[in-house]
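Thanks for coming, everyone. Please bring the model up on your screens, and we will walk through it together.

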Amino acid sequence: ASGGNNYSWTTGATTSSISVSPTSAATYSVIVSVGSCSDTASITLSVSPTPTASVSGNITLCMGSSTTLTASGGSNYSWTTSATTSSISVSPASTTTYSVFVSNGACSDTAVITVSVITVNATVSGNTNICPGSSAVLTAGGGSGFSWSTGETTASITTSTAGTYSVIVSNGNCSNTTSATVTVNPDPTATVSPDITITQGQSTTLSASGGTTYTWNNGDAGAGITVSPNSTTVYCVTVYDANNCYDTSCVTVIVELCSTAGTLYLPNAFSPNGDGENDSLQIYYGIPECIKTLHLVIYNRWGEKVYETDKPDFKWGGTYGAYSKTKKGNTEVLPYYMNAEIVDGTLISKKGNISLI
């Protein structure tokens, strides 16, 4: 107040200036005096109501969804999004906090709201390349609820049929969809060497084809293996392709045992006269391949060595160097010594006389 020396307010204050905080409209009067003279003045204060800002709307969203946020409590609005309307539409990609400044004349208030975004990352794992007769286990993840195109509602399903399998993965009211394609690959066709007969002590090579890797029942690996069985044996090979599908085939290696070959026989006479019968000296044995080593020495009646060999398949026609056949009609008696070893370890030693007729 001004205009005098003394002041008297209706509030009881006697200073020229007073501070007031009315809660509603109020009129304040002051008596201003100079000595015994006075005057009165008054002022009316209007009180605007203080706004109470609030925001409403869906505060939980699924990824990709939107919501409307509505502010109230005043006549003017200013959002952190720069919008100035009471309602705004938002589609946050992640959990986001929004603020709004609400004013009513010179008075204002602020409200805050946080919108949470639920993200469902649907996944499917499992072996999608299978072989005939096997099964694929598909397992979904990324949520707590599952709905497969097969009608199943478990996290994992088992199938042996080729095709595409989709699953809806949910987390509360939010969901996402993914899929996996199961491929049933054909089995390879294993081929292997035909059955084969060998003599005891011999070896043979077995070959397989039809895949990329090979495993034999004797522990060997590879498309080709060399075997030397002591008795008739069946060898089976499992052939795998690039998808780990497999097929099996077997081959029988028949072993002729030297124990069944009979007696090693050296004739005691031969007649190299060119008639086509008994013209050469040779040994006879049921399975010649069973002879591992042989040494034969033949002498004449004077002790001269006339023939010597280490070959089991020898054939001697009765001549050696200067020594020739006896005259027609004569007979020559030739002593011999022979040692042989059979592949099964049997040792044979013979000596005697051979008549060259």
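Start with Val 30: its bridge partner in strand E3 is Ala 41. Strands, labelled E, are DSSP runs of at least two residues, numbered from the N terminus. Two strands count as paired if DSSP finds at least two bridges between them.

A word on what you are looking at. This is a predicted model, with residues numbered from 1 along each chain as its sequence is written. Local features need pLDDT of at least 70, side-chain atom pairs count only at pLDDT 80 or more, totals for chains, interfaces and linings use all residues, and side-chain values use heavy atoms, with hydrogens and water left out.

Three strands make it up, in the order E1-E2-E3. The sheet is open, and the pairing is antiparallel. Strand E1 (6-9) and strand E3 (37-45) stand at the edges. Each has a single partner strand, so one side of each has no neighbour in the sheet. From one strand to the next, the twist averages 20°. That angle is taken between N-to-C directions, on a scale from 0 to 180 degrees, with axes fitted to C-alpha atoms.

Now further along the chain. Strand E21 (residues 213-216) and strand E23 (residues 233-240) run antiparallel, joined by four bridges. Tyr 214 has Val 239 in E23 as its bridge partner. E23 also pairs with strand E24 (residues 246-256), antiparallel again, over eight bridges. There, Thr 238 stands opposite Thr 248 in E24.

What sits between E23 and E24? The hairpin has five residues between the strands, and Asn 244 takes a positive phi near 70°. Most residues other than glycine have a negative phi. Asn 244 is not a glycine, yet its phi is positive. Asn 244 is exposed, because its relative accessible area is 52%. The scale is this: under 20% relative accessible area is buried, over 50% is exposed, and in between is partly exposed, with a 1.4 Å probe and protein chains only.

Ser 82 is another case. Its phi is positive, about 85°, and it is not a glycine either. Ser 82 lies in the loop between strand E7 (76-79) and strand E8 (87-90). At a relative accessible area of 64%, Ser 82 is exposed.

Next, two threonines. Thr 159 is in strand E15 (residues 156-159). Thr 159 is buried, at 10% relative accessible area. Its side chain reaches the backbone nitrogen of Thr 161 at 3.2 Å. Among its contacts beyond four places in sequence are Ile 130, Tyr 165 and Val 182. Contact here means heavy atoms within 4.5 Å.

Thr 309 lies in strand E27 (residues 305-309). Thr 309 is buried too, at 9%. Its side chain reaches the backbone nitrogen of Lys 311, at 3.0 Å. Beyond four places in sequence, Thr 309 touches Leu 294, His 295, Leu 296 and Phe 314.

Which residues touch the most other members of the largest nonpolar core? Leu 266 and Ile 298 do, out of 26 residues. Such a core is a set of buried Ala, Val, Leu, Ile, Met, Phe, Trp, Tyr and Cys residues joined through side-chain atoms within 4.5 Å. Strand E26 (291-299), E27, strand E28 (332-342) and strand E29 (347-356) each give two or more residues to this core. E28 gives the most, with five. Leaving aside neighbours within four places in sequence, the contacts of Ile 298 include Leu 281, Trp 316, Leu 334 and Ile 354.

Last topic: charges. How many salt bridges does a search of the whole structure find? Two. The rule is a side-chain nitrogen of Lys or Arg within 4 Å of a carboxyl oxygen of Asp or Glu.

One joins Glu 332 and Arg 301, with the closest N and O atoms 3.0 Å apart. This pair links distant parts of the chain, 31 residues apart: Glu 332 is in E28, and Arg 301 is in the loop between E26 and E27. Glu 332 counts as buried, because its relative accessibility is 7%.

The other joins Lys 305 and Glu 308, with the closest N and O atoms 3.0 Å apart. Lys 305 counts as partly exposed, at 35%. Glu 308 is also partly exposed, at 38%.

Conventions. Polar contact = N/O pair within 3.5 Å; in protein donor to acceptor, adjacent residues only side chain to side chain.
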